Amino acid sequence: MAVAMQPLSREAPVRAAPPPIIEVAGLRKSYGRTAAVQDVSFAVSEGEIFGILGPNGAGKTTTVECVSGLRARDGGDVSVLGLDPQQDRDQLREVVGVQLQEGSMRPMLKVWELVHLFASFYRNPRDEAELIETLGLTPKRNSYYRSLSGGQKQRLSVALALIGNPKIAILDELTTGLDPQARRETWGLIEQVRDGNVTILLVTHFMDEAERLCDRVALIDGGHVIALDTPTRLAEREGGGNHMRFRPSGPFDDTLLTRLPNVAAVDHQGSRVVVSGTGDLISVVIHALGCAGVQVDEVQLESATLEDAFVRLTRHALADGRSGQS
């Protein structure tokens, strides 16, 4: 009896998404009667640069200190690579590197001495000379800490966070106080770290920094996560959308545009028209008007930014009675 053979499927098997390597659920932390973190939840996937954003005093640093095991939480659950930061601090220290906002170094220690000292804290540290070279500190390896520029001190901070060969690096306000050139150099350094297979939890209050670096961001205000998404989607969804300004060749019925799914509003400002919406506004607006015999000129596009989104979101949070805590 012949048996019919079924052709083998050429489709690749469906693979489940890898579990997050950082999971935070309902995190709470208070200092006396002051609630610094009231209800923070997020998850970070391997290989991400995940941003924790917010104004000063929003609870960002407290959140990452609880994640790294530097501070005990009052409530909620935290898991980092399957470890509990409070119960498994020694194990966590071997796989998580931390650059603290308020870190301080002995001014009369040299760069190589600091790197060597921190390397002694770990069982399997990275090669010291190679790390110093990778972070562009070789010319300063014999310089005292006090003589380093702000950008060089930040590079050294990153080196000390990476010397233990961690799988996760927590970088807290890394570019605060740096001049624009040093900030951009530091951004390149962060991308270089991620390319070395290190997942990054980045704390910042600079929106342009988050837009440049982060795959996803959690916006925190008053100890709460008020939004979580990619910078682009947050800017588009919460920042008021994009605005296309142009001068039409003649009058037209607004419904030509308002019926389009991309268009949220049409506003006439003298001889100019402002169309607000999302997506590729220019293409859909020009096409719709062109079909009606209307040409457009002097086209300008203003895109919403993450900063726009944050301002709108934090205003809503304040209206709800939330205020930032230290």
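Leu 109 is found in the loop that runs between strand S5 and helix H3 (111–119), where helices (H or I, at least four residues) and strands (E, at least two) are DSSP runs numbered from the N terminus. The model is a predicted one, in which local features need pLDDT of at least 70 and side-chain atom pairs count only at pLDDT 80 or more, while totals for chains, interfaces and linings use all residues. Residues are numbered from 1 along each chain as its sequence is written, and side-chain values use heavy atoms, with hydrogens and water left out.

## Leu 109 and Ser 143

Leu 109 and Ser 143 are separated by 34 residues in sequence, yet their C-alpha atoms lie 8.2 Å apart in space. Ser 143 belongs to the loop between H4 and H5. With neighbours within four places in sequence set aside, Leu 109 is in contact (heavy atoms within 4.5 Å) with Leu 114, Ser 143, Tyr 144 and Tyr 145. Ser 143 counts as buried because its relative accessibility is 17%, the class being set at under 20% relative accessible area, with exposed at over 50% and partly exposed in between (1.4 Å probe, protein chains only). Leu 109, at 23%, counts as partly exposed.

## The chain as a whole

The protein chain has eleven helices and 13 strands. Of its 326 residues, 43% are buried. Contacts between residues at least 6 apart in sequence join residues at least 24 apart in 68% of cases. The chain exposes about 17,300 Å², and 48% of that area comes from carbon and sulfur atoms; areas are from the Shrake-Rupley method with a 1.4 Å probe, and for residues only the protein chains shown count as cover.

## Further individual residues

Asp 77 sits in strand S4 (residues 75–80). Apart from neighbours within four places in sequence, Asp 77 is in contact with Glu 23, Val 24 and Ala 25. Asp 77 and Glu 23 lie 54 residues apart in sequence, with a C-alpha to C-alpha distance of 7.8 Å.

Arg 183 is placed in helix H6.

Two residues other than glycine have a positive phi. For Leu 81, phi is near 55°, and this residue lies in the loop between S4 and H2. For Asn 165, phi is about 60°, and its place is in the loop between H5 and strand S6 (168–172).

| Residue | Relative accessibility | Class |
|---|---|---|
| Arg 183 | 11% | buried |
| Leu 81 | 32% | partly exposed |
| Asn 165 | 48% | partly exposed |
| Asp 77 | 54% | exposed |

Asp 221 has His 224 in S9 as its bridge partner. The two strands form a hairpin with two residues between them, and Gly 222 in the turn has a positive phi of about 60°.

## Pockets

The largest pocket holds about 680 Å³ of space. On a 1 Å grid over the protein atoms alone, a pocket is an open set of points where a 1.4 Å probe fits, with protein on both sides within 12 Å along at least five of seven lines, and lining residues have an atom within 4 Å of a point. Grid points are joined across faces, edges and corners, and a volume is the space filled by probe spheres set on the points.

The lining of the largest pocket consists of 28 residues, and those nearest its centre are Leu 70, Val 98, Gln 99, Leu 100 and Phe 118. Helix H2 (89–93), strand S5 (96–99) and helix H5 (150–162) each contribute at least two lining residues, with H5 giving the most, five. By type, the lining comprises twelve nonpolar, ten polar and six charged residues; Ala, Val, Leu, Ile, Met, Phe, Trp, Tyr, Cys and Pro count as nonpolar, Asp, Glu, Lys and Arg as charged, and the others, Gly among them, as polar.

The second largest pocket holds about 190 Å³. It is lined by 13 residues, of which Arg 126, Leu 162, Val 193, Gly 196 and Val 198 are the closest to its centre. Helix H4 (128–134) and helix H6 (180–195) are the elements that give two or more residues to this lining. The lining of the second largest pocket divides into six nonpolar, five polar and two charged residues.

Conventions:
Two strands pair if DSSP finds at least two bridges between them.
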